[in-house]
Amino acid sequence: MLEAVRLVIWDLDETFWSGTLVEGGLNENIHYAETVKELSKRGIMNSICSKNDFSSAREILERLGVWDFFIFPSINWSSKGERVQGIVDRVKLRPETIMFIDDNPMNLREVSSVVPNIQIENENFLPRLLSDPRFVGKNDNQLKRLADYKILEAKNEVLESRGG
């Protein structure tokens, strides 16, 4: 039996949004911003692991009004396995309670091999994500859990900047 999900780690291109950012084929009208907001209200956190240009991706996510709903975003060109492991380490959750969603089967295999027991799905799962029983969560309309994770994120940034 799969466990309840406490964190979703999103790929961006062809997963969170329709199209590919660097190739200029992004359709800003088709995305899962409302899903991210709803998950947050259920106390389920969201992160990003995407091969993309950080500043361009952040700009679009800010325009969509969801940048601040993501914790520990990892947006760069390095392989995803180690980056997802880094997110798992920072959030201090068991992999069994985390889902990584990506449209690329190679990325899904890589993350599964680096982070055993993480739950994985491809982009075809997204239309039914909110109705899946693993995503019931707990009412957190005040976004207290998100605020707590933002504090942890800030502390982590200070520690990393000091080399610790």
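## Basis of the model

Helices (H or I, at least four residues) and strands (E, at least two) are DSSP runs, numbered from the N terminus. This is a predicted model, in which local features need pLDDT of at least 70 and side-chain atom pairs count only at pLDDT 80 or more, while totals for chains, interfaces and linings use all residues. Residues are numbered from 1 along each chain as its sequence is written, and side-chain values use heavy atoms, with hydrogens and water left out.

## The loop between α3 and β6

R94 lies in the loop between α3 and β6. R94 is partly exposed, at a relative accessible area of 45%; buried means under 20%, exposed over 50% and partly exposed in between, with a 1.4 Å probe and protein chains only. From R94 to F125 the C-alpha atoms are 22 Å apart in space, and the two residues are 31 apart in sequence.

K92 is in the loop between α3 and β6 as well. K92 counts as exposed at 63% relative accessibility. Its phi is positive, about 60 degrees, although K92 is not a glycine. Most residues other than glycine have a negative phi.

Helix α4 spans residues 105-114, and its buried residues are N107, L108 and V111. These cover an arc of only 100 degrees around the axis, which puts them on the same side of α4; the arc is that of the directions from the helix axis to the C-beta atoms. An α-helix has 3.6 residues a turn, so residues three or four places apart point the same way. The face turned away from the buried side carries the exposed residues M106, R109 and S113.

The cover over the buried residues of α4 includes β4 (45-51), α3 (80-91), β6 (98-101) and β7 (119-121). At the N-terminal end, N104 caps α4, with a side-chain oxygen 2.7 Å from the backbone nitrogen of M106. In the loop between α4 and β7 is N117, which is exposed with a relative accessible area of 53%. N117 is a residue other than glycine with a positive phi, near 80 degrees.

## Two buried residues

N52 sits in the loop between β4 and α2 (54-63) and counts as buried at 1% relative accessibility. Its side chain makes a polar contact with the side chain of D13 at 3.2 Å. A polar contact is a pair of N or O atoms within 3.5 Å; within protein, one must be able to donate a hydrogen and the other to accept it, and residues adjacent in sequence count only if both atoms are side-chain atoms. Not counting residues up to four places away in sequence, N52 touches L12, D13, W17, L21, V22, I75, N76 and W77, where contact means heavy atoms within 4.5 Å.

I101 belongs to strand β6 and is buried, at 0% relative accessibility. Beyond four places in sequence, the residues that I101 touches include V8, I9, W10, D11 and T15, and also E121, N122, E123, L126 and L129. I101 and E153 are 52 residues apart in sequence and 21 Å apart in space, C-alpha to C-alpha.

## The largest pocket

The lining of the largest pocket divides into five nonpolar, two polar and six charged residues. Here Ala, Val, Leu, Ile, Met, Phe, Trp, Tyr, Cys and Pro count as nonpolar, Asp, Glu, Lys and Arg as charged, and the others, Gly among them, as polar. The largest share of this lining, five residues, comes from α5.
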